[in-house]
Amino acid sequence: MHVSRLSFGASSLGGVFHAIRVDEGIETVHIALDGGINFIDVSPAYGETLAETNLGLALRGVRRDRYHLATKIGSYSEARGDYDYSGERTRRSIEASLKRLGVDFIDLIQCHDIEFADHEVLLRETLPTLAALKAEGIVRHIGITGLPLNVFAKVIERAAPGIVETILSFCHFELNDTSLEARLPYFKQRGIGVINASPTGMGLLTERGVPAWHPASPEIVVACQRAAQHCRARGGDITQLAVQFACSHADIATTLVGTALPENMRRNLAYLKTPIEQTLLAEVREILSPIQNCNFTRGRPEHRDPLLMPAVAA
Ligand code: NAD
């Protein structure tokens, strides 16, 4: 797959950040496609299938060769703790995703949030089931996604060579956290494509700020708000800087940004055509330095990354 540097993450279409208007969500997808974005990521977990349903509405009538479509299996509801990586549920889920999305194949199928998976099941059942579906032409490529960075190599090292073609990492290559960068040579050596998600840190680096469910500690939230205020005082915009920065690494294939608002999508596309303001970037990184790479982790205890604590109280 040859994917655009900025791509569209459809979780917002499931109303995960706030209630949305479906017509606006659909328009947002069209603005993304018309603006040159050719990669769209979704999951049955987003809004418990609502994002896939709304994305299916948006893609109705759009030529199939205009976009690469990625969805996921394994995580179905974070709120209800519905994680199931069994071969049987995987097949059933993909069939349902195809119907909701109105397509007859998936370009990239990803094991969603493997920090919640029993890796024995993943290796014995999930990946072989996906390989069989690939042989049947129902999916074209296979990937894994997760928050802890250590979790990727744990699977790649034990899986059949070449079976894992992509990883999707989120909140680890953004203004306040660049910990993904040290792992990039590992993926490059193995020919594994890297997808970076959440350039705004799921709302941290926006004027609106974070939703109630956001896992960041108060120190992180406050430091990001301070960075946003600084940008505003300089006549800039924290989200512009965040999107530009997240899309700047040559060894990251694409960065997924999410929104269901047409105006946000227009702005995100425009940000990439504007050079990054280096002085503002340096000032913001300085403001964020006490919390740099201090993020959150989650998943089964054996899959969590060690956490870095803020250098000083932010
Ligand atoms: P994000 O950093 O893209 O932030 C989304 C938030 O930023 C939304 O509230 C949106 O309205 C706001 N926003 C976007 N553009 C804006 C703009 N120009 N101005 C102001 N606000 C703006 O986080 P995300 O949506 O969580 O991540 C993007 C996508 O990546 C998801 O939709 C999903 O497809 C993917 N993702 C996958 C995983 C996973 O597989 N485990 C995890 C996280 C994200």
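Is N293 buried, partly exposed or exposed? With a relative accessibility of 27%, N293 counts as partly exposed, where buried means under 20% relative accessible area, exposed over 50% and partly exposed in between (1.4 Å probe, protein chains only). The model is predicted, so local features need pLDDT of at least 70 and side-chain atom pairs count only at pLDDT 80 or more, while totals for chains, interfaces and linings use all residues. Residues are numbered from 1 along each chain as its sequence is written, and side-chain values use heavy atoms, with hydrogens and water left out.

Back to N293, which sits in the segment after α10 (278-288); helices (H or I, at least four residues) and strands (E, at least two) are DSSP runs, numbered from the N terminus. Most residues other than glycine have a negative phi. N293 is not a glycine, yet its phi is positive, near 65 degrees. D113 also has a positive phi without being a glycine, at about 55 degrees. D113 belongs to the loop between β6 and α4 and is buried, with a relative accessible area of 5%.

Now for the rings. A pair of aromatic rings is described by the distance of the centres and the angle of the planes. The structure holds 5 aromatic pairs, where rings of Phe, Tyr and Trp (its six-membered ring) pair if their centres lie within 6.5 Å, and planes under 30 degrees apart count as stacked, over 60 as edge-to-face and the rest as tilted. One of them is the stacked pair of Y83 and F116, at 4.3 Å centre to centre and 5 degrees between the planes. This pair links distant parts of the chain, 33 residues apart: Y83 is in strand β5 (residues 82-83), and F116 is in the loop between β6 (106-111) and α4 (119-135). Y83 is partly exposed at 23% relative accessible area, whereas F116 is buried at 18%. F152 and F187 have ring centres 6.1 Å apart and planes at 80 degrees, so their pair is edge-to-face. Here too distant parts of the chain are linked, with F152 in helix α5 (residues 150-156) and F187 in helix α6 (residues 184-189), 35 residues apart. Both F152 and F187 are buried, and together with Y186 they form one aromatic cluster.

The largest nonpolar core has 97 residues, and L55 and L175 have the most contacts inside it. Such a core is a set of buried Ala, Val, Leu, Ile, Met, Phe, Trp, Tyr and Cys residues joined through side-chain atoms within 4.5 Å. Helix α7 (residues 218-233) gives the most to this core, with 7 residues. Leaving out residues up to four places away in sequence, L175 touches residues including L205, I238, F245 and L288, contact meaning heavy atoms within 4.5 Å.

In helix α9 (residues 262-271), the buried residues are P262, M265, N268, L269 and Y271. They pack against β1 (6-9), α1 (22-34), α8 (238-246) and β10 (254-258).
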